[in-house]
Amino acid sequence: MGDPALVPSFDFPTVWRHGRGQAGQAGAVLRGLGCRAPLVLTDKLLLSLGVVEPVLASLRGAGLEYAVCDAVDYEPTVALFDSIIRDVDLKRFDSIVAVGGGSVLDVSKGLAVIASFGGHIRDYAGVDKVPAVPSMKIVTVPTTSGTGSEISDGVVLIDEERHTKFLVISHRICPTVALTDPLMTVSMPPKVTAASGTDALVHATESYISKGASPASEMFSRRAIELLSRNIAAACADGSDLDLREKMQIGATMAMTAGMNSKLGLCHAMAMPLCALYHMPHGQAVGMCLPVVLEYNAPAVGEKMAAVFRAMGLTGDDSAGGGAPGEGYAQLQDLLVRIGIAGRLRDMGFQESHVPIIVRETMDSAQRPTNPRDPSEEDIAGIVRRLV
Ligand SMILES: [Fe+2]
């Protein structure tokens, strides 16, 4: 047996097709999979704006009988998921084409699980509870660049009864085919570009320094850090630039490819309670944490921290020797401020009583064990106080 850190155990079960116009290949892709009856899952805004039309046209062109469900919203709850199960006769369909942001793509994976194995989505909550690869094929067409849900192994739903979010995680629910098409992301407003792009940058960075990183995942992480950090500000400033959209999109999918193999770290462990308490987008929560968490992690990652800042193009003078680059944290913070991913918890309703809640939920998170440095409760409280 070799060093576990050098063994490139690496799953990438999704077929990834990228390029301008790929969304228009959805019909041919489904035909190639032997599918005849797809359900198109999306949200009302995207449908009304005509964003879904290239996909629908390709399904018509391929002679496929489809139905459209536009019931997914920004933060899908278990109740919403259950209502879709009630309203849509899943037995009629052999496939789902999910066109939208992370919420739509996540729900499509959950629907494929229920269509294939029955029961309730709560039955599959946790890691590796899905018994086999669902028989229902999943084709994803993302309209944002960030969550990585187009190829990822996760579903996130809000459990309003238990006042928390829950996750279904299994490599068996990775979508069958992902069609990433920059033309599908041009409707994204700057705020969404910033939050979702930051989420992707944190996937790339946390996966790179994760305890679960391998040479294979590091390759994806490092290139994703470059693509995302060097283009995010320009992509926010000019959303019509397809070259920039394309770089962000490729970076986001590569970042999650690494992230779902190596797992993430403290930014993602802390984001769950931060989002619940302060009602901020996931991308903002992980972005706010990133400079502080990187600084905390520096003693445990050695030269890798300098490599992170080099990849970002933010290298401070003192990083040339390979040590922890103090300049880099400030430069990264400046970048995040420039794209609007900043803010202090004190401006969002912070109370001292929130600290133990954030600490407990962070310690319980499935993303915490792969953080390169093992945090104590006091360490997490200290990070929270730096965000206040
Ligand atoms: Fe994330």
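Me: Which exposed residues does the face of α13 turned away from its buried side carry?

Reply: On that face, α13 carries the exposed residues Asp-334 and Val-337. Keep in mind that this is a predicted model.

Me: Which residues of α13 are buried?

Reply: They are Gly-328, Tyr-329, Leu-332, Leu-335 and Leu-336. Viewed down the axis of α13, these buried residues fall within an arc of 125°, so they line one face of the helix.

Me: What do the buried residues of α13 pack against?

Reply: Their partners are α6 (190-209), α7 (215-229), α8 (232-237), α11 and α12 (304-312).

Me: How do I read the span of helix α13?

Reply: Compare the expected span with the distance between the end C-alpha atoms. Helix α13 (residues 326-338) has 13 residues, which at 1.5 Å a residue should span 18 Å; the end C-alpha atoms are 19 Å apart, and this agrees. Just after α13, Gly-340 takes a positive phi of about 85°.

Me: What does the comparison give for α7?

Reply: With 15 residues, α7 reaches 21 Å from its first C-alpha to its last, close to the 21 Å expected at 1.5 Å a residue. The buried residues of α7 include Phe-220, Ala-224, Ile-225, Leu-227 and Leu-228. The buried residues of α7 pack against α6, α8, α9 (242-262), α12 and α13.

Me: Where do nonpolar side chains tend to be in soluble globular proteins?

Reply: In such proteins they tend to be buried together. Here, the largest nonpolar core has 116 residues, and Ala-26, Val-55, Ile-96, Val-141, Leu-228 and Cys-289 touch the most other members. Helix α11 (residues 282-301) gives this core its largest share, 11 residues. The core also draws at least three residues from each of domain 1 (4-185) and domain 2 (190-387).

Me: Which residues is Ile-96 in contact with, leaving aside its neighbours within four places in sequence?

Reply: Ile-96 is in contact with Pro-38, Leu-39, Leu-41, Ser-108, Leu-111, Ala-112, Met-136 and Ile-138.

Me: How is the protein chain divided?

Reply: The division is into domain 1 (4-185) and domain 2 (190-387). Taken over C-alpha atoms, the centres of the two domains are separated by 26 Å. Their contact takes 26 residues from domain 1 and 27 residues from domain 2.

Me: Which elements give two or more residues to the side of domain 1 that touches domain 2?

Reply: Those elements are β1 (15-18) and β9 (177-180). By class, that side of domain 1 has 11 nonpolar, 10 polar and 5 charged residues.

Terms used: Residues numbered from 1 in each chain as written. Predicted model: local features only at pLDDT ≥ 70, side-chain atom pairs only at ≥ 80, totals over all residues. Core = buried A, V, L, I, M, F, W, Y, C linked by C-beta atoms within 7 Å. Buried ≥ 20, exposed ≤ 12 C-beta atoms within 10 Å, placed from the backbone. Helix = DSSP H or I, 4+ residues; strand = E, 2+ residues; numbered from the N terminus. Domains from an automatic or database assignment. Contact = placed C-beta atoms within 7 Å. Nonpolar A, V, L, I, M, F, W, Y, C, P; charged D, E, K, R; others polar. Expected span 1.5 Å × (residues − 1). Arc of directions from axis to C-beta.
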